[in-house]
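Hi,

Here is the structure I said I would pass on.

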Amino acid sequence: MSQKQMKEAFVSNLNGTSVLEITQGLCLPAFCILCRGLLIISLQHFCSFSHTWRTRFFVDFVVLIVPLVTALTILSSFVFLELLIVIICGTGLVYQIYQRRTCYAGVPVQKILEKFLQVSLESEYNPTISYYRVSNSVFAAIAILAVDFPLFPRRLAKTELYGTGAMDFGVGGLVFGTAMVCPEIRRRKYMEGSGFYYLLKSLYSVWPLIILGIGRLITIKSIDYQEHLTEYGVHWNFFFTLIVVKLLTTVLLIVFPLNKSWIVAISITVLYQLTLDLTPLKRLILYGTDGSGTRVGLLNANREGIISTLGYVAIHMAGVQTGLYVFRDRTHIKDWIKVACCLLLVSISLFISLYIVQVNVEAVSRRMANLAFCMWVVASSLIFLSCLLVTDIILSFAKFLIKGALVPCSWKLIQSPDTNKKHSEFLVPKAERKEPSPCLITALNRNQLIFFLLSNITTGLINLMIDTLHSSTLWALFVLHVYMFTNCLIIYVLYLQGKTMKFW
């Protein structure tokens, strides 16, 4: 067996892990982000902390990236324990900040909470959405390389037919996260114009994805790089899926109102599942037109990638509805607490529905992107969002207790309507109003496509230079950390130089 065949077999015929384990893993980056914010506050006000971009980058990398690398590798069997340790550390930092607070000293905690709930928020963008998208991008970057090493658990890799793997959520989560910040949501006040104009604009916006998709196809075929054939097919890749999803959803959002996106999402995924069950479509996806797994012809060659696009369209529409809800104008902390509770309740309802669907209809299948897969991705995304919202509210409370606290990429606290100006003017530090501090989260959020492309290129180069299948645990960990450090540093430097590469 050749090296290429061995690597292909290494990532094939896998069955995934439990939904609970993946949900626990999704909570980890949220609490890492919280600990990072609390640590910055503590270092600013209780220690002599250097504010250079190097120290900022080091803190962000150690607190945000390293725990995710270890959770996907050597600590993968102890994710709950790692999560518990992070929560304990966060609790300790919150307690320390509360005990040494510079505002409301001597005031009972109940009165402090009452004041906190009246505080208004100001932000150029919703930090929760940024957290979600960056966390998903970082996870994907780690996983696409780590999966080629033996220390990456096979249960977390993409499943062959049925099952839930962490990498299965990664692709769905990327589509969901992109949908939440789609142009239709961000510029909904200006969408009264011609639908044809927006369709042309959407066609123009996908040209980078077309170049990346074709470039990846040519590169893989020319260097005989290993492929997981049943993932998307012979020629198809995830970039092509993103292109089709973008164009189809643009048409749907021209035809249907934005606030009805959830109805469109449910209709598509239910009709698609009925088609899978009542027609030969499922057999076509699994075995081709001749029933023997043929790859002759464009459809047979790429049947998984082409047909599963319908499921990702449904996920995108669900993401649009979520983004529309989250981006509503809200002024008080108590409003965002209600949002977190609402997202959590919807996610729990979807998980209950998912159990019923898996028992009575069909199990989760990323390969087909069926009803259960769409429900699982949306439910997991919503519980992840609610967790991020809760941690951001806790971080805002910590900032509320410390005069002049400055945490990059977080909500800015402004004066409450029923408090006097003199008492509340400290809520937004002058430094925060003038310009943001260096921040890895913001850097990655501004150049996500470049980060994803860079991660794919470096993953390919490492696979060509290193025998990943026979690498020791220590060597694999070293390579993964250097790989992530290099990619994050490049994006961070681009951010410091004010270079944001956006194509739409």
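Some ground rules before the details. This is a predicted model, so keep in mind that local features need pLDDT of at least 70 and side-chain atom pairs count only at pLDDT 80 or more, while totals for chains, interfaces and linings use all residues. Residues are numbered from 1 along each chain as its sequence is written, and side-chain values use heavy atoms, with hydrogens and water left out.

**Cavities**

Rolling a probe the size of a water molecule over the atoms shows where empty space is left. A cavity here is a set of points, on a 1 Å grid over the protein atoms alone, where a 1.4 Å probe fits but cannot get out. Points are joined across faces, edges and corners, and a volume is the space filled by probe spheres set on them. Searching the whole structure this way turns up three cavities of 30 Å³ or more.

The largest cavity comes to about 300 Å³. Its lining (residues with an atom within 4 Å of a point) has 18 residues, and Gly25, Leu26, Leu72, Phe139 and Ala166 are the ones nearest the centre. At least two lining residues come from each of α2, α3 (53–71), α6 (127–146) and α7 (166–180). The biggest contributor is α2, with six residues. By class, the lining splits into 13 nonpolar, four polar and one charged. For that count, Ala, Val, Leu, Ile, Met, Phe, Trp, Tyr, Cys and Pro are nonpolar, Asp, Glu, Lys and Arg are charged, and the others, Gly among them, are polar.

The second largest cavity has a volume of about 90 Å³. Among the residues lining it are Pro29, Leu64, Val138 and Leu440. Here α2, α3, α6 and α22 (440–446) each give at least two residues, and the lining has ten nonpolar, one polar and no charged residues.

**A pocket**

A pocket is an open set of points with protein on both sides within 12 Å along at least five of seven lines. Two or more lining residues come from each of α6, α7, α10 (207–223), α11 (229–232), α12 (238–255) and α23 (448–465). The lining includes 26 nonpolar, eleven polar and seven charged residues.

**Cysteines**

How many disulfides are there? Taking a disulfide as a pair of cysteine sulfur atoms within 2.5 Å, the count is zero. Cysteine 439 is in no disulfide either, with the sulfur of cysteine 409 as its nearest, 4.8 Å away.

For burial, under 20% relative accessible area is buried, over 50% is exposed and anything in between is partly exposed (1.4 Å probe, protein chains only). Cysteine 374 is buried at 5%, cysteine 439 is buried at 0%, and cysteine 409 is buried at 9%.

**Single residues**

Most residues other than glycine have a negative phi. Cysteine 409, in the loop between α19 (371–401) and β2 (412–414), has a positive phi near 55°. Asparagine 13 also has a positive phi, about 60°; this residue sits in the loop between α1 and α2 and is exposed, with a relative accessible area of 61%.

Threonine 17 is in the loop between α1 (3–10) and α2 (19–46). At 16% relative accessible area, threonine 17 is buried. Its side chain makes a polar contact with the side chain of glutamate 21 at 2.3 Å. A polar contact is a pair of N or O atoms within 3.5 Å; within protein, one must be able to donate a hydrogen and the other to accept it, and residues adjacent in sequence count only if both atoms are side-chain atoms. Not counting residues up to four places away in sequence, threonine 17 touches Ile22, Arg155, Leu156 and Thr164, where contact means heavy atoms within 4.5 Å.

Cheers

Technical notes:
Helix = DSSP H or I, 4+ residues; strand = E, 2+ residues; numbered from the N terminus.
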